[in-house]
Amino acid sequence: MNSEDYMRRAIELALQVPEFPFGAVIVRRATGEIVGEGLNQSVLNPTWHGEMVAINHCAQAHHSADWSLFDLYTTAEPCPMCQSAIEWAGIATVYYGTSIPYLQKRNWWQIEIRAEEVIARTPFRNSRIVGGLLEAECNALFDKAPRGMFHEIS
């Protein structure tokens, strides 16, 4: 499998929650094994974003893992909460499709701190972020979300 395949899996997960199409996959870089998956469950708990669910699933299944050997694929740029959790875990690289500015232009609630800024302010890690992977497909998820689930920015 390649990066696009992993992002397609994140998109498949996101499609399970079309109102909040945030899906995430954690991959062991060396083997390509998917070690954690998550989809947005914020209707149950406001902190259960796709990345947070994937991190928790990975932690439960791989207690003593070296997280620097993992990459994370997510349909949208991680919010500051999720990127901070990614930094605490030590995941090496994040790949995302849709950017925070794109979501904001479509009236999704987003905290105006980009993932790159969280990375820049985390001196004890050397992680990196790569945006725009299957961007059009990911953008379409958020464009097609039921209008009633969009959040108006005041």
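A crossover is called right-handed if, with the strands pointing away from the viewer, the path from the first strand over the helix to the second runs clockwise. Helices (H or I, at least four residues) and strands (E, at least two) are DSSP runs, numbered from the N terminus. The structure is a predicted model, in which local features need pLDDT of at least 70 and side-chain atom pairs count only at pLDDT 80 or more, while totals for chains, interfaces and linings use all residues. Residues are numbered from 1 along each chain as its sequence is written, and side-chain values use heavy atoms, with hydrogens and water left out.

**Confidence**

Colour the chain by pLDDT, the predictor's confidence in each residue, from 0 to 100. The chain has a mean pLDDT of 94, and 95% of its residues reach 70 or more. Then select residues 148-154, where pLDDT stays under 50. For this segment the model has 19 contacts (heavy atoms within 4.5 Å) beyond four places in sequence.

**Strand E4 and its neighbours**

Select strand E3 (residues 70-76), helix H3 (residues 80-89) and strand E4 (residues 93-98). Together E3, H3 and E4 make a right-handed β-α-β unit. Two strands pair if DSSP finds at least two bridges between them; E3 and E4 do so in the parallel sense over 5 bridges. Within this pairing, Tyr95 in E4 is the bridge partner of Tyr73.

Is E4 buried or exposed? Buried means under 20% relative accessible area, exposed over 50%, and partly exposed in between (1.4 Å probe, protein chains only). In E4, 6 of the 6 residues are buried, so the strand is largely enclosed by the rest of the structure.

**Aromatic pairs**

Show the rings of Phe, Tyr and Trp (its six-membered ring), which pair if their centres lie within 6.5 Å; planes under 30 degrees apart count as stacked, over 60 as edge-to-face and the rest as tilted. The count by this rule comes to 8 aromatic pairs. One of them joins Tyr6 and Tyr73, a tilted pair at 5.2 Å centre to centre with 40° between the planes. Tyr6 belongs to helix H1 (residues 3-14) and Tyr73 to E3, so the pair ties together parts that are 67 residues apart in sequence. Tyr6 is buried at 6% relative accessibility, and Tyr73 is buried at 4%.

Move to Phe22 and Trp108, whose ring centres are 5.8 Å apart with planes at 85°, so this pair is edge-to-face. Phe22 lies in the loop between H1 and strand E1 (23-28) and Trp108 in the loop between helix H4 (100-105) and helix H5 (115-120), so parts that are 86 residues apart in sequence are tied together. Phe22 is buried at 12% relative accessibility, as is Trp108 at 2%.

**Positive phi**

Most residues other than glycine have a negative phi, and most peptide bonds are trans. Select Asn107, in the loop between H4 and H5, where phi is positive, near 70°. Asn107 is partly exposed at 30% relative accessibility. Finish at Leu134, in the loop between E5 and helix H6 (135-143). Leu134 has a positive phi of about 50° and is buried at 10% relative accessibility.
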